[in-house]
Amino acid sequence: MSAAKNYSFFKKYIPMKQAVLCVLIFTAILGHTQVGIRYGYGSSSFDGWEGHAYRLIDVSRTDFLNRNMHFGVDYWFRLKKRRIEFLPELSYTRFSSSTVTDINYALSSANFYFNVQVYLLDLQEDCDCPTFSKQGPTLNKGFFVHIAPSVRYFMQKAESTALSLTGNTLGFGIRGGIGLDIGLSDFITITPMLNVERTTRLDWKNLTLVTEPDQPVQTISSDHSAFSGAIRLGLRLNKGKRRR
């Protein structure tokens with residue numbers, strides 16, 4: 001994908017002023033605590049919906065609702081005696097729209113993830129101070145594996161010149177991967193991550209009403225999988241209360 005297309009996608013789907021305002025409100029409400037701001041970008045696959053959209057067209061199918069952009073906030077807490085950390089997250093995902101035979105498909109989702117991070121190389125560490133304050137190599141103190149059960153509410157839209165169809169569906173899934181905390185100071189931690197994700201089969205009710213208006217109405221189901229890179233900005237607002 002070209003740089004121009006990337007810029008167009010960012011500009012269209014990420015309202016920066018509103019996002020920054022939401023983050024400021026969120027951190028102000030929580031006050032003296034530890035929060036994170038997340039951004040992710042990756043690729044998704046909806047095999048069932050894609051197969052239905054392209055079923056009468058002999059072309060390569062590679063980009064149906066394929067790109068996704070993810071923005072979220074989380075709250076941090078952990079076990080006292082082991083480096084197992086919990087970061088419940090609220091987020092929003094926007095998928096790139098696709099046009100097939102004059103039908104435009106659009107999709108987004110509101111999400112809840114319960115992130116669990118396990119620091120396998122530093123599991124015995126019982127200090128809840130930031131990564132920056134911990135002793136030892138960055139890899140040992142910052143590397144973790146993570147897993148997150150999820151609940152996702154998908155918002156769908158299919159639109160042709162004759163009809164516009166909207167729908168919603170609820171999905172449950174699991175996300176996992178690896179990450180590395182990089183402490184910049186006692187206040188700020190940057191965490192790059194790689195994620196893979198699967199979601200239970202998702203229904204798009206009455207989708208054939210748009211694609212085949214003269215045929216009996218059907219609901220089309222699809223699996224969902226995704227791969228993404230993400231980065232988290234961790235903000236420690238209670239530095240003075242850290243326990244050693």
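This is a predicted model: local features need pLDDT of at least 70, side-chain atom pairs count only at pLDDT 80 or more; totals for chains, interfaces and linings use all residues.
Asn111 sits in strand β6, which covers residues 103–118. What does the side chain of Asn111 make a polar contact with? Its partner is the side chain of Arg152, at 2.8 Å. If you skip the neighbours within four places in sequence, the residues in contact with Asn111 include a run from Glu89 through Leu90, Ser91 and Tyr92 to Thr93. His70, Val151 and Arg152 are also in contact with Asn111.

Let's follow Arg152 next. At 2% relative accessibility, Arg152 counts as buried. Besides the contact with Asn111, Arg152 has a salt bridge to Glu197, where the closest N and O atoms are 3.2 Å apart. Arg152 belongs to strand β7 and Glu197 to strand β10, so this pair ties together parts that are 45 residues apart in sequence. Glu197 counts as buried too, because its relative accessibility is 10%.

Glu197 brings us to β10, and to the strands that pair with it. β10 spans residues 188–204 and runs antiparallel to strand β8 (residues 164–180), with 7 bridges joining the two. Here Glu197 is the bridge partner of Arg175. β10 also pairs with strand β11 (residues 220–236), again in the antiparallel sense, over 15 bridges. On that side, the bridge partner of Glu197 is Ala226. Then there is strand β9, residues 182–183, which pairs with β10 in the antiparallel sense over 2 bridges. Gly183 has Thr189 as its bridge partner in β10, and a hairpin of 4 residues joins β9 to β10.

While you're in β10, have a look at Asn195. Is Asn195 buried or exposed? It counts as buried, because its relative accessibility is 6%. The side chain of Asn195 makes a polar contact with the side chain of His146, at 2.9 Å. Leaving out residues within four places in sequence, Asn195 also has contacts with Arg175 and Gly176, and with Ala226, Phe227, Ser228 and Ala230. Asn195 and Ile178 are 17 residues apart in sequence, yet their C-alpha atoms are 7.0 Å apart.

Now for the surface. Leu90, which is in contact with Asn111, lies in strand β4 (residues 84–95). Leu90 counts as exposed because its relative accessibility is 54%, and the cut-off for exposed is over 50%. Leu90 is part of a nonpolar patch on the surface, along with Phe112, Val151, Tyr153, Leu170 and Phe172. Together these residues have about 540 Å² of accessible area. β7 (143–159) and β8 each supply at least two residues of the patch.

How many salt bridges does the structure hold? There are 10. One of them joins Arg83 to Asp122, with the closest N and O atoms 2.9 Å apart. This pair links distant parts of the chain: Arg83 is in the loop between β3 (77–78) and β4, and Asp122 is in the loop between β6 and α4, 39 residues apart. Both Arg83 and Asp122 are buried. Another salt bridge brings together the side chains of Glu159 and Lys157, at 3.8 Å from N to O. Glu159 is partly exposed at 35% relative accessibility, and Lys157 is partly exposed at 33%. There is also a network, in which salt bridges with shared partners join Arg38, Asp74, Glu89, Arg175 and Arg232.

Asn140, in helix α4 (residues 138–142), touches Asp122 and Leu121, not counting residues up to four places away. Asn140 and Asp122 are 18 residues apart in sequence and 6.1 Å apart from C-alpha to C-alpha. Asn140 itself is partly exposed, with a relative accessible area of 35%.

Finally, step back to the whole protein. Its secondary structure comes to 5 helices and 11 strands, and 43% of its 244 residues are buried. Among contacts between residues at least 6 apart in sequence, 71% join residues at least 24 apart. The accessible surface comes to about 12800 Å², and carbon and sulfur atoms account for 61% of that.

Conventions
Residues are numbered from 1 along each chain as its sequence is written. Side-chain values use heavy atoms; hydrogens and water are left out. A polar contact is a pair of N or O atoms within 3.5 Å; within protein, one must be able to donate a hydrogen and the other to accept it, and residues adjacent in sequence count only if both atoms are side-chain atoms. Contact means heavy atoms within 4.5 Å. Two strands pair if DSSP finds at least two bridges between them. Patches are made of residues with over 30% relative accessible area and no salt bridge: like charges are joined within 9 Å, nonpolar side chains (Val, Leu, Ile, Met, Phe, Trp, Tyr) within 5 Å. Accessible areas come from the Shrake-Rupley method with a 1.4 Å probe; for residues, only the protein chains shown count as cover. A salt bridge is a side-chain nitrogen of Lys or Arg within 4 Å of a carboxyl oxygen of Asp or Glu. Buried means under 20% relative accessible area, exposed over 50%, partly exposed in between (1.4 Å probe, protein chains only).
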